[in-house]
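Subject: Structure handover

Hello,

Here is the structure I promised to pass on. Please open it alongside this message. My notes follow.

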Amino acid sequence: MIRFGLRLTLAGGREALVRLAVIAVAMALGVGMLVAALAGLSGVTSQNDRYGWANSTVEAGPDPLWWQLRIDGFDARTIGRVDLAATGPQSPVPPGLPRLPGPGEYFASPALAELIAATPPAELADRYPGRLAGTVGDEALPSPDSLVAVVGYSPTELSQRPGVRRVGTISTVAPTDCPGGCWAGIPTSGLQLVLGVVAAALIFPLVILVGTTTRLAATRREQRFAAMRLVGATPQQVGVVAAVEAMVSAIAGTAAGLVLFLAFRDALAALPFTGAPMFPADLALSPPLALGVAFGVPLLAAVAALVALRRVRVSPLGIARRAAARPPRAWRVVPLLAGLAELSYFVGRRPSTTDGQIVAYLSGILIVMIGLMVAGPWLTMAVARIAARRANGTAGLIAARRLAGNPQAGFRSVSGLVIALFVMTVAVGIMGSLNADRAKELAATGSAESSVLHTIFRDGLPAPTGDPVPAALRSQSGVREIAVTRRPPADQPPPREPLGEWGWPTTLASCADLAVMATNGRCAPGATTAWVYNGLQGPDGWNGVWPTADVPADRLPSLAVDSIVTYTDGTRAAIERARTTLALAHPMMYSPYTDAEWNAESTRTFAGWQRLADVVVLASLAIAGCSLAVGVAAGLSERKRPFSMLRLAGVPLRTLRRVVALESVTPLLAAAAVALGAGLLAAHLFLRAQEEISLHPPALSFYATVLGGIAASLAVISLTLPLLRQITGPEAARND
């Protein structure tokens, strides 16, 4: 029977080959997307783990290194830097290095080495003493374009710095907690949650596409299997033939999907949806994953084929004596409401672990998707009955009656687009709201100034006293003004008088410095010292008087420095020269930065997530369009004999085309409205539960995209209408 099934599949004529090709293509898309999503989940972990070595903190080990992690910057890009000094021959070597750099040597990543060579030394190269001894290998780089430096010092020099630690064991995993700060990418937990939702969002429309393609020529196949039963084939033999047909298509599609993933892996890795591109090796197709997909997908296809044969297995005459389908009941909306209720439950009860969050939110969204699929036929029937009562033409009446009689078939052709609209709404709603909330935070913290460098001396570490400003900085080209803020003495607590939404200022500054700085506050008349924020700017919209401090101006030099605020002309050259000078004078974990640079990293992250949302939207709509085209074509093929009888009875072809169009458009519009509403509500509940923010209304571009998707769907439907002339000839009306 296996050989017979192969003959029917591979040598069953043009129709069998077309069906095999269509199902294989659908399977290839599904498998490719599935593998990409699963590989992305592991890729995020692999990429983040390559930040781990720089954040090493374990002292145990032979000849521990003197170690200082520093986070530098250049032109709004982050540079991960480690200063180290060996204490013996057994000091550990960080990954990516052939050896430890000696005093006066440094290793740089390929991207940083190129940047150093193309930049004036005063702007970048002077930060790294000595000579370039080599490049940092890929195993120490989170991304191909990462800027990384490892600089060697003598133990005597490096051990005297504040913030230096001893490291005897190099870490191999990303840090889970950074109380003192660390160099890291996006938290793995958050990305895995997002990618888990994305995987479900992409796979669900693909499952629908695969299910739709498997119904091509379903009636003919069922009649063939019933005929086999009539001539003596057992149910087991028919099942073997059906399973072979399904597995041949699934094996071909699975192989093509794996090849498709490998062909586009480099392009997928280059998408910076984590804020930085990945190495192609991060999207590794591990043996368990490859074997699971290679065997699992064909097995599932075979099981699905056997389940679809339950009508044939009951009786060989089951196809010819089909009972009328029972109309769907109102209980079908229960799963949809249950999914929304499940998401509502976690508002204020967010799970504490990443796995718990994935289970909570992913299951809720999946239940909502399933609920849309289950409720779709009932909604279609309800709308069809209303349309039948209001129909004023032959086409409208026929379409409404046919939909009301078999709403499952009417909804099936548009189900992929309905799910795509839901996915698009959830993706746009979540990402748009996160971006809007981020913009609100930026507005609350003031404008993202790009010309003022802030050198912050963090709490918990010794800070200099006296004049901390390097002499070279005062005469440097492009530097306009410099001010120093100080930590208050223990006997002078700050006044608890909030200024706007920022709370009260906690650092001290000289009124003489403030008088020449471009700040939005001023000292009170006669004051010599004022309470200020360490950036010397107040909240946007505030333009008042800084609280007067009861500290004489001549006492300020004896107090520890809190920050150095450097006003520049805003050019890149001036900013980078000043940063180099300050970083050499004060080698701390965080180099001087501007407000714009502080926000740039998170901005890139959100931009990457927005790209991911765009990919989800475009992929979902494309897959849904394919599902719609296949579904409408399959519906026409299944109903060619009834349509042929109507043509023989005198019904014009244009009327039949209107019937097909109305049968497709009516459930599409009805279910689309429900999908949009459910998507917005699901996005709002997710945001309230996970981020404790509310849904931001989507922009007009979102609604334009929705209308464009519906218009494209109508175009797809119209492209299938010419098939009516070809499949409704007199020969299709005869009984076989």
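Axes are lines fitted to C-alpha atoms, for helices over the stretch in contact, and angles run from 0 to 180 degrees between N-to-C directions.

The model is predicted: local features need pLDDT of at least 70, side-chain atom pairs count only at pLDDT 80 or more, and totals for chains, interfaces and linings use all residues. Residues are numbered from 1 along each chain as its sequence is written, and side-chain values use heavy atoms, with hydrogens and water left out.

**Overview**

The chain has 22 helices and 11 strands. Helices (H or I, at least four residues) and strands (E, at least two) are DSSP runs, numbered from the N terminus. Of its 736 residues, 50% count as buried. Buried means under 20% relative accessible area, exposed over 50%, and partly exposed in between (1.4 Å probe, protein chains only). Among contacts between residues at least 6 apart in sequence, 80% join residues at least 24 apart. Contact here means heavy atoms within 4.5 Å.

**H12 against H20**

Helix H12 (residues 394-405) packs on H20 at an angle of about 50°, and the axes are 8 Å apart. H12 and H20 are therefore oblique to each other. Their crossing is right-handed. A crossing is left-handed if the near helix is turned anticlockwise from the far one by less than a right angle, and right-handed if clockwise. H12 contributes Thr394, Ala395, Gly396, Ile398, Ala399, Arg402 and Leu403 to the contact. From H20 come Thr655, Arg658, Val659, Leu662, Glu663, Thr666 and Pro667. By class, the residues of this contact are 7 nonpolar, 4 polar and 3 charged. Ala, Val, Leu, Ile, Met, Phe, Trp, Tyr, Cys and Pro count as nonpolar, Asp, Glu, Lys and Arg as charged, and the others, Gly among them, as polar.

**H10 against H20**

The axes of H10 and H20 come within 9 Å and cross at roughly 20°. That makes H10 roughly parallel to H20. This crossing is left-handed. Leu336, Leu340, Leu343 and Ser344 of H10 meet Val674, Ala678, Leu681, Ala682 and Leu685 of H20. The residues of the H10 contact with H20 divide into 8 nonpolar, 1 polar and no charged.

**Cores**

In soluble globular proteins, nonpolar side chains tend to be buried together. A nonpolar core is a set of buried Ala, Val, Leu, Ile, Met, Phe, Trp, Tyr and Cys residues joined through side-chain atoms within 4.5 Å. The largest one here has 38 residues. Leu343, Tyr361, Val368, Leu372, Phe422 and Ile430 touch the most other members. Two or more residues each come from helix H10 (334-345), H11, helix H14 (415-444), helix H20 (653-690) and helix H21 (700-720). Another core, of 22 residues, lies apart from it, and Leu69, Val82, Ile170 and Trp183 are among its members.

**Thr380**

Thr380 is found in helix H11 (residues 354-390). Thr380 is buried, because its relative accessible area is 2%. Leaving aside neighbours within four places in sequence, Thr380 is in contact with Leu403, Pro407, Phe411 and Pro667. The C-alpha atoms of Thr380 and Ala671 are separated by 7.5 Å, and these residues are 291 apart along the chain.

**Strand E7**

His454 sits in strand E7 (residues 452-456). At 7% relative accessibility, His454 counts as buried. Beyond four places in sequence, His454 is in contact with Asn534, Gly535, Ile564, Val565, Pro592, Tyr593, Thr594 and Asp595. Thr455 is buried at 1% relative accessibility. With residues up to four places away not counted, Thr455 touches Asp562, Ser563, Ile564, Leu582, Met588 and Pro592.

**Positive phi**

Ala76 is not a glycine, yet has a positive phi of about 70°. Ala76 is in the loop between strand E1 (65-74) and strand E2 (77-85). Its relative accessibility is 26%, so Ala76 counts as partly exposed. Leu536, also not a glycine, has a positive phi of about 65°. Leu536 is in the loop between strand E10 (529-532) and strand E11 (561-568). Leu536 is buried, with a relative accessible area of 0%.

Best wishes

Note on methods. Angles under 35 degrees count as roughly parallel, over 145 as roughly antiparallel, 65 to 115 as roughly perpendicular and the rest as oblique.
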